[in-house]
Amino acid sequence: MLYEILVLGDPSESALKALKAGISDILHHLSVADANLEWSINPDSLTPSIGKLVCAVFFASNNTQSVDVSPFVDLNVPIIPVVDIVENVSNQFPKELSELNCLSLDNDGMDMLIATTAASLGLMPEQRRVFISYRRIESTEVALQLYERFSRMRFNVFLDTYDILPAKPFQEILLHRLCESDVLLMLDTSEYFSSEWTTYEFGQANAKKVTILRIGWPDVERSEQTMGVVDNIDLQAADFTHSEKLIDDRLEQVATFLERGRNKGMAIRRSMTINTIKNAVERIGWQFDGVGANLQIEAKLNNGSMVALRPILSAPNAMDLQQADEVNRERKQVVMLYDNVGLTTVAGNHIDWLGKHINHIPWLTLHDLDKQLSDLEALQ
Amino acid sequence: MKELFLSASVPYGQRAANFPPAEPYLIQYAVREFALSVLGKRKIIYGGHPSITPMLWAICQELNLEPKDHFELYQSRFFDEQFPDENKRFDNVVFVDKKSTKQDSLMAMREQMLSRKNLTGGLFIGGMEGIIDEHDMFARYNPKASILALRSPGGAADTLAQKLNLQHQQEEATLNFNKLFYQAFGL
């Protein structure tokens with residue numbers, strides 16, 4: 001099972017039906033089978049499972065103020081609170097959810113709920129980014145074949161044959177696209193690590209914590225440095241056609257392999273990022289108030305004021321900033337968090353520029369977060 | 001600066017079956033998380049490993065830390081030909097003379113490494129018998145040091161964690177390595 005949506009509270013039959021239909025539609029467009037998503041209606045608890053992406057939607061009504069959501073808050077499950085009409089925001093939620101951004105179903109709000117839920121599971125096409133790392137002299141046919149297949153799964157696929165125009169600063173663009181990706185799919189042919197470029201791509205993906213999936217070519221002995229990849233598939237000679245492409249069955253297996261591997265890597269990365277932030281918040285004495293849509297973490301400072309901590313898992317940009325600002329109806333202090341290790345110069349300069357010109361929203365790094373948050377509080 | 005010993009490796013081959021199944025990518029993630037949690041606060045000491053050294057080097061560069069001040073690796077001359085060329089450009093490698101056998105060479109390296117005076121903690125991740133051997137030697141030389149063995153990445157460290165019933169005993173599936181490191185090593 002790749003995904004799980006917990007439905008909590010008091011959903012109406014029509015709202016639940018609409019949400020299920022909307023998510024199913026998205027899965028269909030991504031060529032992900034419905035069977036990969038589990039719906040759990042008001043479960044008592046959740047058994048953590050490494051590699052499964054989980055989110056919760058809490059439907060509020062007049063009867064839901066005392067619903068116990070603590071098991072899910074304690075497990076850092078992102079929870080999306082939703083009401084029928086926006087006027088009911090203040091009095092229908094359990095106290096654990098009181099600080100999370102809430103959606104309303106009026107004014108065609110169901111479309112927003114579907115999109116927000118899908119985004120919380122990483123199911124929006126713009127979130128699905130894969131970088132194919134390969135030696136042109138050895139595996140171009142398969143690389144092109146995978147490019148086409150993954151594109152039909154609504155992945156944004158980076159392949160240097162297509163995606164870099166001549167005369168552009170190659171390395172910088174390549175690194176930037178790698179930082180934006182959540183999967184590096186390496187086609188491990190016999191000369192993969194003989195090339196400076198592919199070796200560099202592999203090393204950078206490791207530094208940046210991008211999920212690495214390995215496809216081993218026939219008779220290629222796996223090197224020690226690939227032992228830490230998230231998942232591995234070994235091809236045999238019989239998997240290839242006479243024109244050096246993959247046979248259909250194997251191609252479909254690779255497509256499933258990508259979906260599963262990406263999921264696993266993303267779930268782990270997300271969990272560790274939320275833990276890093278939550279640990280820092282609690283170490284400096286702030287109160288952790290749960291994880292909401294878009295992994296936004298709500299926290300209360302020692303002086304009682306609220307802050308919204310928004311982690312960005314890939315290369316941050318202005319769209320992330322805009323989205324964080326637009327949903328901030330209560331005008332809390334929003335803080336953007338990012339992993340600066342392995343970030344490109346281009347991305348770093350962009351963040352500096354954003355911080356300077358939109359200075360009411362600071363950017364902090366995940367590394368040494370305790371001190372940065374304490375310094376932020378001291379400025380208030 | 002206080003020092004922490006890191007013993008981590010990915011189990012492989014038939015011997016791996018003697019230990020709980022390992023998740024290699026979790027071993028890698030845990031090592032990275034350890035580096036990010038402690039670099040700048042503690043110096044990392046370890047037996048040079050082909051996949052760890054480049055990662056530590058890269059992280060030090062990203063955090064503007066001078067590598068030689070923040071980690072030190074031990075390498076037995078017995079394995080000179082197996083280590084990446086990158087090691088040759090590091091000036092924070094302690095080369096230990098080889099003995100007549102692989103086993104004796106490893107022993108000599110470990111004795112020199114684990115008898116350092118500033119070691120205040122040891123972290124054990126994944127691995128096979130070597131992890132157990134290094135733990136036993138580490139504990140003998142550093143009886144007052146904190147010890148943490150991770151469970152979720154599997155391998156011999158999982159067995160070790162259960163056997164020792166460590167103070168920072170973890171849920172089997174926990175990925176909250178950051179919290180464990182802070183608790184175990186007083187960061």
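A: By residue class, the lining of the largest pocket comprises 16 nonpolar, 14 polar and eleven charged residues, where Ala, Val, Leu, Ile, Met, Phe, Trp, Tyr, Cys and Pro count as nonpolar, Asp, Glu, Lys and Arg as charged, and the others, Gly among them, as polar. The model is predicted, so local features need pLDDT of at least 70 and side-chain atom pairs pLDDT 80 or more, whereas totals for chains, interfaces and linings use all residues. Residues are numbered from 1 along each chain as its sequence is written, chains are lettered from A and ligands numbered from 1 in the order written, and side-chain values use heavy atoms, without hydrogens or water.

The pocket (an open set of points on a 1 Å grid over the protein atoms alone, where a 1.4 Å probe fits, with protein on both sides within 12 Å along at least five of seven lines) holds about 1,300 Å³ of space, the volume being that filled by probe spheres set on the points. Its lining, meaning residues with an atom within 4 Å of a point, has 41 members, and A:Ala119, A:Gln127, A:Asn294, A:Arg310 and A:Gln323 lie nearest the centre. In chain A, β5 (103–104), α3 (109–120), α8 (248–283), β13 (306–312) and α9 (318–326) each give two or more residues to this lining, and α3(A) contributes the most, with six; helices (H or I, at least four residues) and strands (E, at least two) are DSSP runs numbered from the N terminus.

The loop between α3 and β6 (129–133) of chain A contains A:Leu121, which counts as buried (under 20% relative accessible area, 1.4 Å probe, protein chains only) because its relative accessibility is 0%. Its C-alpha lies 6.6 Å from that of A:Val54, although the two are 67 residues apart in sequence. Leaving out residues up to four places away in sequence, the contacts of A:Leu121 (heavy atoms within 4.5 Å) are A:Tyr3, A:Glu4, A:Ile5, A:Leu53, A:Val54, A:Cys55 and A:Arg270.

Two of the lining elements, α8 and β13 of chain A, also meet helix α11(A), whose buried residues pack against them as well as against β14 (333–338) and β15 (363–365) of chain A and α8 (177–185) of chain B. The buried residues of α11 (369–379) in chain A are A:Leu369, A:Asp370, A:Gln372, A:Leu373, A:Leu376 and A:Glu377. Between the two chains as a whole, 28 residues of chain A are in contact with 24 residues of chain B.

Terms used:
Buried means under 20% relative accessible area, exposed over 50%, partly exposed in between (1.4 Å probe, protein chains only).
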